Amino acid sequence: MNPDDIKVIESQRQALLGQLRAAEAAVRGGLHTHGFGSTARAHMERAMAHIQEAYIAINEMRAVRSVPQLVEDLNRIEQACNELRQQPPPGVTIKSFRP
């Protein structure tokens with residue numbers, strides 16, 4: 001690759017990173033908007049994860065998770081969080097109240 005090719009690639013990389021930063025800012029702003037329900041928020045949270053993974057793939061120039069791997073990891077985290085929410089806190093005894 002000649003120096004001009006490298007400059008073009010770097011220019012494209014910087015432009016793409018700028019677009020990803022703009023997308024992240026827009027999605028992050030949407031996360032603070034209320035009234036659209038949990039499904040919309042879940043999609044925005046997933047979008048943030050994908051944007052961040054794309055940023056790493058472009059900026060770090062190293063191996064990153066594939067989209068299916070990222071989705072699988074996010075699903076596992078979501079499942080673990082749901083399981084944790086369903087359990088009572090440790091050391092808390094739940095007693096029924098009988099008058």
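This is a predicted model: local features need pLDDT of at least 70, side-chain atom pairs count only at pLDDT 80 or more; totals for chains, interfaces and linings use all residues.
Arg 13, at 15% relative accessibility, counts as buried (under 20% relative accessible area, with exposed meaning over 50% and partly exposed in between, for a 1.4 Å probe and protein chains only). Its salt-bridge partner is Glu 10, the closest N and O atoms being 2.9 Å apart, where a salt bridge is a side-chain nitrogen of Lys or Arg within 4 Å of a carboxyl oxygen of Asp or Glu. Residues are numbered from 1 along each chain as its sequence is written, and side-chain values use heavy atoms, with hydrogens and water left out.

The protein has three helices and zero strands, its elements running α-α-α from the N terminus on; helices (H or I, at least four residues) and strands (E, at least two) are DSSP runs, numbered from the N terminus. The C-alpha trace spans about 85 × 30 × 20 Å along its principal axes. The radius of gyration is 21 Å, whereas a compact globule of 99 residues would have a value near 13 Å (taken over C-alpha atoms, the globule rule being 2.2 Å times the number of residues to the power 0.38). Of the 99 residues, 13% count as buried.

Eight salt bridges are found in a search of the whole structure. One of them joins Arg 46 to Glu 78, with the closest N and O atoms 3.3 Å apart. Arg 46 lies in helix H2 (residues 37–59) and Glu 78 in helix H3 (residues 67–86), so the pair ties together parts that are 32 residues apart in sequence. Both residues are classed as partly exposed, Arg 46 with a relative accessible area of 24% and Glu 78 at 41% relative accessibility.

A further salt bridge is formed by the side chains of Glu 53 and Arg 65 (2.8 Å, N to O). This pair links distant parts of the chain, Glu 53 belonging to helix H2 and Arg 65 to the loop between H2 and H3, 12 residues apart. Glu 53 counts as buried at 11% relative accessibility, while Arg 65, at 36%, counts as partly exposed. Both residues also belong to a network of salt bridges that links Glu 53, Arg 65, Glu 72, Asp 73 and Arg 76.
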